[in-house]
Amino acid sequence: MTFILSGFADEISADPGEQVATLAAESISHLELRSAWSVNVAELGDEQVASLRRILDDAGVRVSAIGSPIGKIDVNSPLVPELERMRRIAAVADAFGTSIVRVFSFFIPAGEPPQRYRAQVIERMSALTAIAEQNGLVLAHENEKEIYGDSPARCADLLSAVGSPALRATFDAANFVQCGFRPHTDAYPLLRPYLVYLQVKDALAATGEVVPAGEGDGQLRDTLAALAADGFAGFVSLEPHLAAAGRYGGFSGREGFQRAAQALKLILNDLAVSYR
């Protein structure tokens, strides 16, 4: 099977023109849309959406997924504004011709047990999933530090409890490493039945530092090999975070993004996994 390469192009530059030029240099024909012109995808206006679509169309670049911030708020924050933001994201996804939207499962108050919020998170994720179902979308839940779904077990429990094909999983190895888990050993067996997308970044267990694929403790080679053997033919999306990493995003620059792309390709070539 063939993997389709993509990436968070806003890690290259805030300028879409620079983004598509770097993607072309790496023969990557898709991007995961998180922001453009330093404006988050949830805040892009209609004219900005139309302008960005023209830039991407002219460059032959398509959108693999919307890298939305949905669910990256406190679990006790009002839900109605987040549902409205989800509806806006649904409209943007339609404009760019993608059905995949990355989401999160809400920040848990520091020092409190996540399990205390299980029912509340499931209720909130079910409400978001209902909007996805109405719009023909698939929400790809990303494991992330400090949210409810930061552990393999809670990710799997959440997906099972909501029980909808419109809520699936994306897999971030570096985030699992930073939460103290071995991604392929601890998380992949639980999440493979739900996995529709892969985000690629690696990290060192000792320090949490984000590094290119294969240079950390994220067991990415094992996961990529297993996905290939299992017939996965979806998107593999670079999220390098090599120059800066924060709670709401990261940055790599042109050289960092290309370094990350080449590290991923090196693993895929060594595994004899085809990609485009």
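This is a predicted model: local features need pLDDT of at least 70, side-chain atom pairs count only at pLDDT 80 or more; totals for chains, interfaces and linings use all residues.
Select strand 2 (residues 30–33) and strand 5 (residues 62–66): the two run parallel and are joined by four bridges. Helices and strands here are DSSP runs, H or I of at least four residues for helices and E of at least two for strands, numbered from the N terminus. Two strands count as paired if DSSP finds at least two bridges between them.

Residues are numbered from 1 along each chain as its sequence is written, and side-chain values use heavy atoms, with hydrogens and water left out.

Stay on strand 2 and show its side chains. Which way do they point? H30 and E32 point one way, L31 and L33 the other way, and all are buried. Buried means under 20% relative accessible area, exposed means over 50%, and partly exposed lies in between, with a 1.4 Å probe and protein chains only. In a regular strand the side chains alternate between the two faces of the sheet.

**The whole chain**

Zoom out. The chain has nine helices and 15 strands. Its radius of gyration is 17 Å, close to the 19 Å that the globule rule gives for 276 residues, so the chain is as compact as a globular protein of that length. That radius is taken over C-alpha atoms, and the rule is 2.2 Å times the number of residues to the power 0.38. Along the principal axes, the C-alpha atoms fill a box of roughly 45 × 45 × 35 Å.

Colour by burial next: buried residues make up 55% of the 276 residues. The chain exposes about 10900 Å², and carbon and sulfur atoms supply 50% of that area. Such areas come from the Shrake-Rupley method with a 1.4 Å probe; for residues, only the protein chains shown count as cover.

Among contacts (heavy atoms within 4.5 Å) between residues at least 6 apart in sequence, 75% join residues at least 24 apart.

Now select the charged side chains. There are 24 positive and 34 negative ones, and the centres of the two sets lie 3 Å apart. Lys and Arg count as positive and Asp and Glu as negative, with His and the chain ends not counted.

Select strand 1 (residues 2–7). Five of its six residues are buried, so strand 1 is largely enclosed by the rest of the structure. Which residue stands opposite F3 in strand 15? Y275 does. Strand 1 and strand 15 (residues 274–275) run parallel and are joined by two bridges. Strand 1 also runs parallel to strand 12, with four bridges between them. There, G7 stands opposite L238.

H241 has a phi near 55°, a positive value in a residue other than glycine. Most residues other than glycine have a negative phi. At 9% relative accessibility, H241 counts as buried.

Strand 6 (residues 100–103) pairs with strand 7 in the parallel sense over four bridges. V101 stands opposite L139 in strand 7. Four of the five residues of strand 7 (residues 138–142) are buried, so strand 7 is largely enclosed by the rest of the structure.

Follow the loop between strand 6 and helix 4 to F106. Its phi is near 75°, again positive in a residue other than glycine. Is F106 buried or exposed? F106 counts as buried, at 0% relative accessibility.

Y117 is in the loop between strand 6 and helix 4 (118–134), and at 9% relative accessibility Y117 counts as buried. Leaving aside neighbours within four places in sequence, Y117 is in contact with V75, N76, I108, P109 and E112.

Select V39 in strand 4 (residues 39–40). V39 is partly exposed, with a relative accessible area of 21%. Not counting residues up to four places away in sequence, V39 touches R34, L44 and Q48.

Finish at E84 in helix 3 (residues 80–96). E84 is partly exposed, at a relative accessible area of 45%. Draw a distance from E84 to I131: these residues are 47 apart along the chain, and their C-alpha atoms are separated by 9.7 Å.

Technical notes: The place of a charge is taken as NZ of Lys, CZ of Arg, CG of Asp or CD of Glu.
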